[in-house]
Amino acid sequence: MAGPTVTFLGGVREIGGNKLLIEDGPDRVLFDFGPSFSARREEYYVDYLQPRSTSPAKDLLEFGLVPRLGGLYSRDALGDADLAWEPPTVQGIFVSHAHADHAGYLDLVDPEIPVYVGAGTRTLMSAIETSTMMRYGEHPYRTFTDRTPVRFGRIEVVPYPVDHSIPFAYGFIVRTSNGSLVYTGDFRQHGPRASDTREFFRAAAEERPATLVTEGTRAGPDARPNLSEAGVRSHVDRLLADRPELALACTYPRDIDRLLTLHAAALEADRSLVVSARTAHLLTTVAPQFPGGGVPVPGPGRGLLVYDRKKKRHFNWEKPFLDDALSAEEVRAHGRRYLLALDLLHFPELIDLRPPHGAPFIHSMSEPFSEDDVDDRVMHNWLDHFGLSFHQMHASGHASERELFEIVRSVAPTTVFPIHTEHPEAFRAAGPSVRLPELGRPYPIGR
Ligand SMILES: [Zn+2]
């Protein structure tokens, strides 16, 4: 009888889009299911041109953008695709964290297949569904408990919390009939939950796994500075000290750690952090779930306020935040009181905000990956027009190459597969156990 295998159905030589199928005899479990950030999808689908809502799986299968796996997709998603619907052949899908490149294709999945997530991730996903166009579909959701095994016949999955740029992120130890596989998900060890990451890799090393599947986002050429979350805080503190005018910041909408950093820095500088209604909704929803508390919710005296963006119509979920929301006129009149988080999408507000020439704009996101980045060019056009001073202050959600290689050595598996990277070959420098995975090919798990 064939032994356990792992097959990479995505995330190979691309950032994001991990899809690991682990099979052991009759048992099959999938890990993560989202689109990658690679340019390949954009060869066929861009902003205005998207798969049809009547057959999204069919339209993605056409170009090999999702795996050709029977017993995975829903009837609705397949439409009349040449891959016929069949009853589920996968016992569950584990989602490592709520970023789109790991969870964004769940809407294509058969509604009978259970989706396993951390309790916090479930909360984040429902906040995202309420306040955006994102849809994950109907599924039986099973929330797992930290470090508590979940069993599927011969396969046992143990979820471990890790530090990443979204809270409630997990790595997994997967035990099979012929040894263990460690799957890292996305991780870093320079954020507020760095000790979780270290504990995960300690447990991973003790497991003496046959296989390590690691993310490698920052492997290979990477000239960007290696700032920690605490480093971002001290940079922002220094910038805001004694500034007399409005300060602006731009960050990822779900990077709660960064919002907490900006909030703390705003308080230190005797300011309030001003966020969108969407961010306020997210923070309010996750606050009760957050380990150790400490997530601020909007309200007087809490240093967190909501910006009243000009809109013709407000959604119901926005309404609770609007009564006390700040107008552009208030922010313009008393700029010194505020650190305003403003997404690129909402830059037209600058026309009313009219920040004084030289006011600081904190870009608390990744630097552009290419020199012809359209968003980056447009952002700088706006900043130049309003004479804002640009400050790059960001900590990555991912471990550095040096840290990745140290982890490979300390876990010491028989075989290492780098995924979620455009430079898997860079891992060759980490040791002889490294193997570059090929898409769709089953690799045996075993020492
Ligand atoms: Zn990712």
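1. A definition is required for the sheet discussed here: two strands are said to pair if DSSP finds at least two bridges between them. In this predicted model, six strands form an open sheet in the order S7-S8-S9-S10-S11-S18, and their pairing is mixed. Strand S7 (150–152) and strand S18 (415–419) are the edge strands, each pairing on one side only. From one strand to the next, the twist averages 20°.

2. S7 and strand S8 (residues 155–162) run antiparallel and are joined by three bridges. Within this pairing, Arg151 has Glu156 of S8 as its bridge partner.

3. Which helix packs on the sheet by touching S8, strand S9 (169–176) and strand S10 (179–183)? The helix is H6, and its direction makes about 150° with that of S8. Helix H13, in turn, lies across S10, strand S11 (211–215) and S18, and runs at about 165° to S11.

4. Two packed helices are described by the angle between their axes and the distance between the axes. For helix H6 (residues 194–206) and helix H13 (residues 401–411), the axes come within 8 Å and cross at roughly 35°. On the H6 side the contact is made by Phe201, Ala204 and Ala205, and on the H13 side by Ile407, Ser410 and Val411. By class, five residues of this contact are nonpolar, one is polar and none is charged.

5. Strand S12 (residues 247–251) runs parallel to S15 and is joined to it by three bridges; Leu248 stands opposite Leu340 in S15. Strand S13 (residues 272–275) likewise pairs with S15 in the parallel sense, over three bridges, and the bridge partner of Ser272 in S15 is Tyr338.

6. The division into domains comes next. Domain 1 comprises 5–221 + 397–444, while domain 2 comprises 229–392. Taken over C-alpha atoms, the centres of domain 1 and domain 2 are separated by 31 Å. How many residues of each domain are in contact with the other? There are 14 residues of domain 1 in contact with 14 residues of domain 2. On the side of domain 1 that touches domain 2, seven residues are nonpolar, seven are polar and none is charged.

7. Finally, the chain may be viewed as a whole. The chain contains 13 helices and 19 strands, and its C-alpha atoms fill a box of roughly 75 × 50 × 40 Å along the principal axes. A compact globule of 447 residues would have a radius of gyration near 22 Å, and the 23 Å of the chain therefore agrees with that expectation. Of the 447 residues, 49% count as buried. Among the contacts in the chain with a separation of 6 or more, 69% are between residues 24 or more positions apart.

Notes. Residues numbered from 1 in each chain as written. Predicted model: local features only at pLDDT ≥ 70, side-chain atom pairs only at ≥ 80, totals over all residues. Helix = DSSP H or I, 4+ residues; strand = E, 2+ residues; numbered from the N terminus. Rg over C-alpha atoms; globule rule 2.2 N^0.38 Å. Buried ≥ 20, exposed ≤ 12 C-beta atoms within 10 Å, placed from the backbone. Contact = placed C-beta atoms within 7 Å. Domains from an automatic or database assignment. Nonpolar A, V, L, I, M, F, W, Y, C, P; charged D, E, K, R; others polar. Axes fitted to C-alpha atoms, helices over the stretch in contact; angles between N-to-C directions.
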